[in-house]
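Subject: Structure handover

Hello,

Here is the structure I promised to pass on. Please open it beside this message and follow along.

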Amino acid sequence: MEPRKEERALRDPVARPPGASRFRTPNEERREGGAAPEAVALGAELDDASADGLWELPVEPAERRPECSRCSRPQKVCLCPFLPVHPLHISTYLYIIQHPAEENKVLRTVPLLAACLPQDKCKVKIGRRFSEERDPELSTVCRKSGTLILYPGAEAANLEEFILDSPVYPSTIIIIDGTWSQAKDIFHKNSLFRLPKQVQLKTSVSSQYVIRMQPTNRCLSTLECAAVALSILEKNNYIQETLLRPLQALCSFQLQHGARVRLSKEHLLKNGLYPKPMPKNKRKLRKMELLMNSVKI
């Protein structure tokens, strides 16, 4: 009789190991009139129970190089010696609308820009979509008469010419940070950014951000756009010189350690050096043709 008791104990769910009491084998299902597919589904629960146990295993965090709290660069390649000792004194408020994909890029320029300016004068908003409900502060800023948005286009006025005739001198400027396609997406899919006066820079300055490819020779990085715009609004060329210094140091360091100069897509196309085949998509092909013919897009 004792062996039978042990048999019953083994068949009793209470005596089964934790996690095994909720299912039966396919043979047991068939004996009790159950269907084999149900056994498969119930058997999957065992896998889930086993997988749940993985969450209890200790996870070792990935080691990251210590970063400088001011320039956000790894401490070994800190650029603070090239930043101003004290934040620049400016009266203009700067809002950077940053695409989420830019936030974790190693060679981003926005942290360098923010490190040069007072915290209350430079704010970074990260996201793709903005509305009055999601960001009341940004909505209020966009509705003010003294706010400008720096984005090139047919509707954009030249910044230097605009401030000469504007009845209200601009107090705030918004700049979108991202690739050109990302910036275009943010500008056109957020109605808030059509509220401020749209302006653009008319400058012959070539980008010094040579370690990252730009669409045309006239395109500037976010830091360079801010440097030129703030120097115009503040009527102080020293601002531009100061803001460009850490960018120059960043590019110089990268070039010394294996990076190469990235020529613009426009330059590569004009000189037959573009490494990729021409796109088959008509819209993209038209953009390529515009670049080759130096037509502003």
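Below are notes on a helix pair, the cavities and a pocket.

Please keep in mind that this is a predicted model.

**The helix pair**

Start with helix 8, residues 222-233, and helix 9, residues 237-256. Their axes come within 7 Å. They cross at roughly 165°. That angle is over 145°, so helix 8 is roughly antiparallel to helix 9. The crossing of helix 8 past helix 9 is right-handed.

Which residues make the contact? From helix 8 they are Leu 223, Glu 224, Ala 226, Ala 227, Val 228, Leu 230 and Ser 231. Helix 9 brings Asn 237, Ile 239, Gln 240, Leu 243, Leu 244 and Leu 247. By class, the contact of helix 8 with helix 9 has nine nonpolar residues, three polar and one charged.

**The cavities**

The largest cavity has a volume of about 60 Å³. Its lining includes Cys 71, Ser 72 and Arg 73. Val 106, Leu 107 and Arg 108 line the largest cavity too, as do Pro 111, Leu 112 and Leu 250. Six residues of that lining are nonpolar, one is polar and two are charged.

The second largest cavity has a volume of about 40 Å³. Val 205, Ser 206, Gln 208, Leu 220, Glu 224, Val 228, Gln 240 and Leu 244 line it. Which elements give two or more residues to this lining? They are helix 8 and helix 9. The lining of the second largest cavity has four nonpolar, three polar and one charged residues.

Last, the second largest pocket. About 320 Å³ of space lies in it. It is lined by 16 residues. Those closest to its centre are Arg 70, Val 110, Pro 111, Ala 114 and Ala 115. Pro 111 also lines the largest cavity.

Helix 4 (110-116) and strand 2 (122-126) each supply at least two residues of the pocket lining. Helix 4 gives the largest share, four residues. The lining of the second largest pocket divides into nine nonpolar, four polar and three charged residues.

Best wishes

How values were computed:
Residues numbered from 1 in each chain as written. Predicted model: local features only at pLDDT ≥ 70, side-chain atom pairs only at ≥ 80, totals over all residues. Heavy atoms only, no water. Axes fitted to C-alpha atoms, helices over the stretch in contact; angles between N-to-C directions. Parallel < 35°, antiparallel > 145°, perpendicular 65-115°, else oblique. Left-handed = near helix turned anticlockwise from the far one by under 90°. Contact = heavy atoms within 4.5 Å. Nonpolar A, V, L, I, M, F, W, Y, C, P; charged D, E, K, R; others polar. 1 Å grid on protein atoms, 1.4 Å probe; cavity = no way out; pocket = protein on both sides within 12 Å on 5 of 7 lines; lining within 4 Å. Points joined across faces, edges and corners; volume = space filled by probe spheres on them.
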